[in-house]
Amino acid sequence: MSNLAVIGTQWGDEGKGKVVDLLTDGADLVVRFHGGNNAGHTLVVGDSTYALHLVPSGILHPDKVSLIATGVVVDPGVLIGEIKDLMARGIEISPKNLKISGKAHVILPYHKRLDEARESRAGAGKIGTTGRGIGPAYEDKASRVGLRLSDLLDLALFESKVKKALQEKNCLFEKLYGQKPLEAADIMAEARDWAAFLSPFITDTFAIIQKAVKENKNILFEGAQGVQLDIDHGTYPYVTSSNPTAGSVSIGSGLAPNKIDKVVGLVKAYTSRVGEGPFPTELLDETGTKIRDIGREFGTTTGRPRRCGWLDAVVVRTAVDLCGIDSLAITKLDVLRHHDEIKMATAYRLDGQELSHVPGILSDFSRVEPVYETFKGFSQDLCSAKSLDDLPPEAKVFLKRLSETVGARIGLVSVGPERGQTIILDKFFK
Ligand code: IMP
């Protein structure tokens with residue numbers, strides 16, 4: 001039995017979908033524990049590409065159970081759409097292999113509207129959210145006025161909560177944002193469909209996880225976003241509203257912290273971020289454009305072009321220490337082909353001092369200068385590499401230095417989008 005958490009070490013979009021899908025082979029349960037449909041995991045299986053936003057990647061394996069646990073915020077319409085699309089493509093989904101926590105909070109139409117209204121009003125001060133209502137839904141959860149999925153099991157109760165919520169939300173829409181109010185009846189018309197479809201899937205995921213632990217099952221916890229988007233430890237306010245760090249596995253699923261056996265940190269061989277906020281290794285020149293084009297760095301959820309830059313080992317080291325990462329899963333190494341030189345920031349310089357970790361004050365983070373180490377580039381096609389020895393020596397030097405400087409071993413290297421294009425070095429489940 002072992003329990004494994006997969007965490008993005010950067011700003012999300014590290015290529016989690018493929019790695020989680022691979023690791024799912026050894027898992028009995030696959031669990032999403034935070035975030036919502038702001039995430040977008042792309043999986044390439046055979047000739048088919050799947051873009052998942054809410055449903056755990058384990059769903060593509062019929063013998064696994066996928067859980068959307070307590071810490072997730074669920075947009076029911078999006079979830080139902082995703083389930084139906086997958087079913088239409090031949091994926092078997094039933095309450096046997098997909099279970100959703102009744103404690104997970106619901107993203108309602110007013111959350112999405114509020115997210116958009118705030119962002120457009122903020123102008124240059126915007127966060128650059130995905131516009132999916134994630135922040136407002138978590139806000140209501142923290143304010144104890146949110147609706148949980150279990151509320152869908154009692155539509156009269158659901159309606160009374162919606163009406164109460166609208167008293168406040170409509171005041172904001174009308175008075176502050178100059179918009180038409182939302183009608184409870186419209187929301188309830190949708191809610192009836194949500195309840196009819198989702199009720200059989202709504203359950204107590206905590207109990208399922210505890211039972212799996214007692215039965216010595218292997219559980220894979222599928223993180224979304226990345227450490228620098230963590231609401232507590234990331235580049236606040238340019239963050240998401242949940243905790244993509246390893247500690248969140250316990251909070252968001254109910255697995256005790258001492259039952260997490262291994263934390264795998266996803267590291268893209270370069271850095272990208274969407275939305276606003278500091279990004280010390282960002283490349284605003286043609287090298288950045290080349291990385292974006294070759295790496296196809298456009299949002300799975302929003303289609304937005306991602307900001308791109310060199311690998312920032314300071315960011316990765318911070319994630320390793322914050323999350324107790326044992327093993328690094330390197331993705332998109334192949335994207336770094338065709339550069340004469342490749343760079344990696346191994347420290348920052350700030351006011352004459354060298355920093356090993358991301359500074360705690362955002363204005364400091366905006367001022368740091370990356371201290372780069374420069375590596376020879378490589379042009380060899382990597383996609384058929386089956387072991388580290390198949391990689392060009394320049395790529396091996398780059399990986400070795402990353403491992404040394406952040407203090408975690410390399411457990412897996414992805415050299416292409418397909419499942420087979422992966423070098424697996426670690427035994428992930430015992
Ligand atoms: P929100 O999560 O939609 O509130 O957006 C807050 C910030 O997190 C924005 O900068 C988003 O672009 C970013 N973000 C949210 N989800 C993801 C993700 O899955 N990958 C990368 N960035 C994300």
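A backbone N or O atom of Gly128 lies 3.3 Å from an oxygen atom of the ligand. That is a polar contact, meaning a pair of N or O atoms within 3.5 Å; within protein, one must be able to donate a hydrogen and the other to accept it, and residues adjacent in sequence count only if both atoms are side-chain atoms. The model is predicted: local features need pLDDT of at least 70, side-chain atom pairs count only at pLDDT 80 or more, and totals for chains, interfaces and linings use all residues. Residues are numbered from 1 along each chain as its sequence is written, and side-chain values use heavy atoms, with hydrogens and water left out.

Thr130 brings a polar side-chain atom to 2.5 Å from a ligand oxygen. Val274 has a polar backbone atom 3.3 Å from an oxygen atom of the ligand. Alone, the ligand would expose 470 Å², and the protein buries 96% of that (accessible areas by the Shrake-Rupley method with a 1.4 Å probe; for residues, only the protein chains shown count as cover).

The shell around the ligand has 15 residues, and the closest are Asp13, Asn38, Thr130, Thr240 and Arg304. A residue belongs here if one of its heavy atoms lies within 4 Å of the molecule. Six are nonpolar, seven polar and two charged (Ala, Val, Leu, Ile, Met, Phe, Trp, Tyr, Cys and Pro count as nonpolar, Asp, Glu, Lys and Arg as charged, the others, Gly among them, as polar).

Now step back. The protein is assigned domain 1 (3–96 + 204–424) and domain 2 (105–201), with bounds from an automatic or database domain assignment. Both domains give residues to the ligand's shell, so the ligand lies between them. Their centres, taken over C-alpha atoms, are 29 Å apart. The contact (heavy atoms within 4.5 Å) takes 31 residues from domain 1 and 22 residues from domain 2.

Together the domains bury about 2200 Å², 65% of it on carbon and sulfur atoms. Buried area is the accessible area (1.4 Å probe) that two parts lose on being put together, summed over both. In domain 1, Val73, Pro76 and Ile80 lose the most area to domain 2, together 23% of what that side buries.

Two backbone details remain. Most residues other than glycine have a negative phi, and most peptide bonds are trans. Arg144, not a glycine, has a positive phi of about 65°. The peptide bond from Tyr236 to Pro237 is cis, with omega near 5°.
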